[in-house]
Amino acid sequence: DSAVRNMQLGGRNYAKDTASVKEGSAYLLSEYRVGAPWVAGVDYTISFVLGSEAPDMVVYLYVDGWSASDTAIRAEGTPTQGADGLYYARYSATFRTTQERIDLSVKRIAGGNGGFRLYKQRRVGGNDQGRYVLSRVMLERGNKPSDWSLAPEDVDDKIESKAKEAKGHADTNLTKANTHTDNAVSALERK
């Protein structure tokens with residue numbers, strides 16, 4: 001009963017630019033900007049799908065960029081090996097951050113609303129520089145991970161980009177039509 005009462009569902013992805021799959025072989029998985037300001041003392045949940053060379057990977061989230069981890073993020077279940085040889089699982093964790101770390105995030109991670117970085121490490125030591133595939137990154141307020149979605153800012157950017165593209169095509173076609181009309185009028189005037 002109290003578990004249901006204490007559940008906080010988010011649903012809005014605060015992490016921007018999460019539509020693409022990130023691949024690499026470094027300790028730093030990726031850095032993300034947030035689309036709305038962080039709020040100190042509020043529950044946030046981070047979730048994503050990670051494929052890595054080792055099934056015992058732990059990912060650390062740093063709101064301030066690099067000084068201290070805000071949370072350790074572990075696989076929700078046992079990772080399964082994919083056809084590419086990597087071990088895949090969904091990872092998630094709930095955490096809170098402080099105003100001091102938020103201020104450092106804004107200062108260190110490209111200003112604006114700040115952001116966060118994800119770093120990977122093997123649980124049992126060993127090399128953490130192996131190949132990885134990271135996708136479906138979702139940062140949301142609340143304590144229960146939900147399905148991945150684009151950040152609203154990313155949706156707005158896509159709409160704006162398509163509108164500019166459509167306007168560009170319309171302007172080009174109008175210019176062509178005007179040129180064709182001018183040429184036709186000139187030809188008639190010469191007759």
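This is a predicted model: local features need pLDDT of at least 70, side-chain atom pairs count only at pLDDT 80 or more; totals for chains, interfaces and linings use all residues.
Residues are numbered from 1 along each chain as its sequence is written, and side-chain values use heavy atoms, without hydrogens and water.

The structure holds nine aromatic pairs (ring centres of Phe, Tyr or the six-membered ring of Trp within 6.5 Å; planes under 30 degrees apart are stacked, over 60 edge-to-face, the rest tilted). Trp38 and Phe116 make an edge-to-face pair, at 6.4 Å centre to centre and 80° between the planes. Trp38 is in the loop between strand 2 (28-33) and strand 3 (44-52), while Phe116 is in strand 8 (residues 115-122), 78 residues apart. Phe116 is buried as well, at 0% relative accessible area.

## Tyr44 and the aromatic cluster

Tyr44 and Phe95 are stacked, with 6.0 Å between centres and 25° between planes. Both are buried. One aromatic cluster is formed by Tyr14, Tyr32, Trp38, Tyr44, Phe95 and Phe116.

## Asp154

Asp154 is buried but has no salt bridge; Lys16, the nearest side chain of opposite charge, is 5.7 Å away (a salt bridge needs a side-chain nitrogen of Lys or Arg within 4 Å of a carboxyl oxygen of Asp or Glu). The Asp154 side chain does reach the backbone nitrogen of Asp17, at 2.7 Å.

Key
Buried means under 20% relative accessible area, exposed over 50%, partly exposed in between (1.4 Å probe, protein chains only). Lys and Arg count as positive and Asp and Glu as negative; His and the chain ends are not counted. A polar contact is a pair of N or O atoms within 3.5 Å; within protein, one must be able to donate a hydrogen and the other to accept it, and residues adjacent in sequence count only if both atoms are side-chain atoms. Helices (H or I, at least four residues) and strands (E, at least two) are DSSP runs, numbered from the N terminus.
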